[in-house]
Amino acid sequence: VTSTVSSATTHGPPFAADERAVRVSPHADHLADAGVQHQAARFGMWIFIGTEAMFFAGLILLYCAERAVSSSTFEHGIDHSEKLIGTINTFILLASSFVVAAGVHGARLGHRKIAATLSTLAALCGVAFLVLKLVEYGKHIGEKLLPGALIDVEHGGSAFWTLYWVLTGFHAVHVAVGAGVLAVAGVGVARGGAGRALEGAALYWHFVDVVWIVLWPLFYLVRA
């Protein structure tokens, strides 16, 4: 009995070591493996992108419904859209997708400086997109092409311009967030961090680009 008490006093209560191990471990047992963590992070990003896709899909369906009712006003609105700026922004985002994909490839090969540089370049593409978008918004404001009752009805129906401001505005917010995430991920890679954050940021950025590829013809090109 004495030895048992002494042993308990020396080594502490039962499972004390296990409890300390649980407190020290930063991950649950099923996420202890780095590969599993990577898969979980990627799956979480896909879930997030799925929810964002449903949000944009609902607004795009609303666009289609409104256009079916008043197609002529939508065509009139497209006639007054800034097609040059919209097209330049499209090429900027397409180029940025190629750049960020090359950055992810570089990170996988261990070329951290190249990956960080390309990630930063993609973020700068996002900034360029936003600058041109602000210029475009400024022109629309000058022409009173505003949402809702604020619109100059001679240049298109209020439904078209309301949806234009809502959809492109929300997309611009996503571009701003994506550019910031790419910049942070690039800094992390440059400092020796894992490339998984850059992969997640690139996945989100590709989603932002795909949304714009859908919005571009809806608000700039398709008249009939």
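Ser 119 is placed in helix 6, which spans residues 112-142; helices are DSSP runs of H or I with at least four residues, numbered from the N terminus. The model is predicted, so local features need pLDDT of at least 70 and side-chain atom pairs pLDDT 80 or more, while totals for chains, interfaces and linings use all residues. Residues are numbered from 1 along each chain as its sequence is written, and side-chain values use heavy atoms, without hydrogens and water.

With a relative accessible area of 1%, Ser 119 is buried (under 20%; exposed is over 50% and partly exposed in between, with a 1.4 Å probe and protein chains only). Leaving aside residues up to four places away in sequence, Ser 119 touches Leu 182, Gly 186 and Leu 198; contact means heavy atoms within 4.5 Å. Val 127 also lies in helix 6, but counts as partly exposed at 42% relative accessibility.

### Aromatic pairs

The whole structure holds 17 aromatic pairs (ring centres within 6.5 Å; planes under 30 degrees apart are stacked, over 60 edge-to-face, the rest tilted). Two edge-to-face pairs are set out below.

| Pair | Centres apart | Angle of planes |
|---|---|---|
| Tyr 63 and Phe 219 | 5.2 Å | 75° |
| Phe 74 and Phe 160 | 5.5 Å | 85° |

Tyr 63 in helix 3 (residues 34-69) and Phe 219 in helix 8 (residues 196-221) are 156 residues apart, and both are buried. Phe 74 in helix 4 (residues 71-79) and Phe 160 in helix 7 (residues 158-190) tie together parts 86 residues apart in sequence; both of these residues are buried as well.

Notes
Helices (H or I, at least four residues) and strands (E, at least two) are DSSP runs, numbered from the N terminus. Rings of Phe, Tyr and Trp (its six-membered ring) pair if their centres lie within 6.5 Å; planes under 30 degrees apart count as stacked, over 60 as edge-to-face and the rest as tilted.
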